[in-house]
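Here is a short tour of one protein chain.

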Amino acid sequence: MAPRVAIIIYSLFGHVTQMAEAELEGIKKAGGEAKIFQVAETLSEEILVKMKAPKKPDYPVITPADLVNYDAFLWGIPARYGSVSSQWKSFLDSTGQLWKTGALYGKYVGIFVSTGGLGGGQESTYFSVLSTLVHHGMMFVPFGYAKALPLLASLEEAHGGSPWGAGTLASLEGSRQPSDLEKNIARAQGAAFWEAVAKVSF
């Protein structure tokens, strides 16, 4: 049976949305399928208007109860001060009943991120999520270097991405958009993630 994969994101200015679509392209290129969801917004409409945030993508909002319907996940997380955003933290904190019953034990997780700059959490954001995975007994699937070494090691431009997972740099005010290089890294991660979880008997 093919793995049931969900890509779950939070995106304020659209950077993580673009990366999620690239991840999905990679999965499909590798012969797989996945569905994109988003976690609930915690900011008020008034605040979003003041921040000039664009309209949310047209993805269904996922609930903790939905997680049990999938075998593997790619989480798209924008960094805040080198850690997960409050929207993601709120969602993860709401999985307590799933933790209590072990409902997420053994499920697979890959991660991709968006940060303001190179020092904004391209690696530390992953560290901040690992404790949650460990408590649930979920298995982190790192991207590694094998599938995209020339892309990850490229010095032709400042870019996000690491062996932990794909990443993009949004700039201080969010004006920079994911580059072709960053989206190609995301596509490579999507394909690699599918190839990894497709080997598992679910």
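The report below goes from the whole chain to single residues.

**Overall fold**

This is a predicted model. The chain has seven helices and seven strands. Read from the N terminus, the elements follow the order β-α-β-α-β-β-α-α-β-α-β-α-β-α. The C-alpha trace spans about 40 × 40 × 30 Å along its principal axes.

How does the radius of gyration of the chain agree with that of a compact globule? A compact globule of 202 residues would have a radius of gyration near 17 Å, and the chain has 16 Å, so the two agree. Of the 202 residues, 50% count as buried.

| Pocket | Volume | Lining by class | Element giving the most |
|---|---|---|---|
| Largest pocket | about 380 Å³ | eight nonpolar, nine polar, two charged residues | β3, three residues |
| Second largest pocket | about 160 Å³ | four nonpolar, six polar, two charged residues | α5, five residues |

The largest pocket is lined by 19 residues. Which of them lie nearest its centre? They are Ala79, Arg80, Gly116, Ala170 and Ser171. The elements that give two or more residues to this lining are α1 (15-29), β3 (72-80) and β5 (108-115).

The second largest pocket is lined by Val84, Lys89, Leu92, Asp93, Thr95, Gly96, Trp99, Ser128, Val129, Ser131, Thr132 and His136. Here the elements with two or more lining residues are α3 (86-93), α4 (96-101) and α5 (124-136).

**Helix α3**

Helix α3 also has a buried side. Its buried residues are Gln87, Trp88, Phe91 and Leu92. They cover an arc of only 130° around the axis, so they lie on the same side of α3. What covers these residues includes β1 (5-9), β3, β4 (83-84) and α5. Two of these names return from the pockets: β3 gives the most to the lining of the largest pocket, and α5 gives the most to the lining of the second largest pocket. Leu92, one of the buried residues of α3, is also among the residues that line the second largest pocket.

**Two loop residues**

Leu172 lies in the loop between β7 (167-169) and α7 (180-197). Is Leu172 buried or exposed? Its relative accessible area is 85%, and exposed means over 50%, so Leu172 is exposed. The C-alpha atoms of Leu172 and Gly117 are separated by 7.1 Å, though the two residues are 55 residues apart along the chain.

Gly32 sits in the loop between α1 and β2 (35-38). The relative accessible area of Gly32 is 3%. Buried means under 20%, so Gly32 is buried. What does Gly32 touch, not counting residues up to four places away in sequence? With those left out, Gly32 touches Ile27 and Trp194. Gly32 and Glu195 are 8.5 Å apart in space, C-alpha to C-alpha, yet 163 residues apart in sequence.

Conventions: Residues are numbered from 1 along each chain as its sequence is written. This is a predicted model: local features need pLDDT of at least 70, side-chain atom pairs count only at pLDDT 80 or more; totals for chains, interfaces and linings use all residues. Side-chain values use heavy atoms; hydrogens and water are left out. On a 1 Å grid over the protein atoms alone, a cavity is a set of points where a 1.4 Å probe fits but cannot get out, and a pocket is an open set with protein on both sides within 12 Å along at least five of seven lines; lining residues have an atom within 4 Å of a point. Grid points are joined across faces, edges and corners, and a volume is the space filled by probe spheres set on the points. Ala, Val, Leu, Ile, Met, Phe, Trp, Tyr, Cys and Pro count as nonpolar, Asp, Glu, Lys and Arg as charged, and the others, Gly among them, as polar. Buried means under 20% relative accessible area, exposed over 50%, partly exposed in between (1.4 Å probe, protein chains only). The arc is that of the directions from the helix axis to the C-beta atoms. Contact means heavy atoms within 4.5 Å. The radius of gyration is taken over C-alpha atoms; the globule rule is 2.2 Å times the number of residues to the power 0.38.
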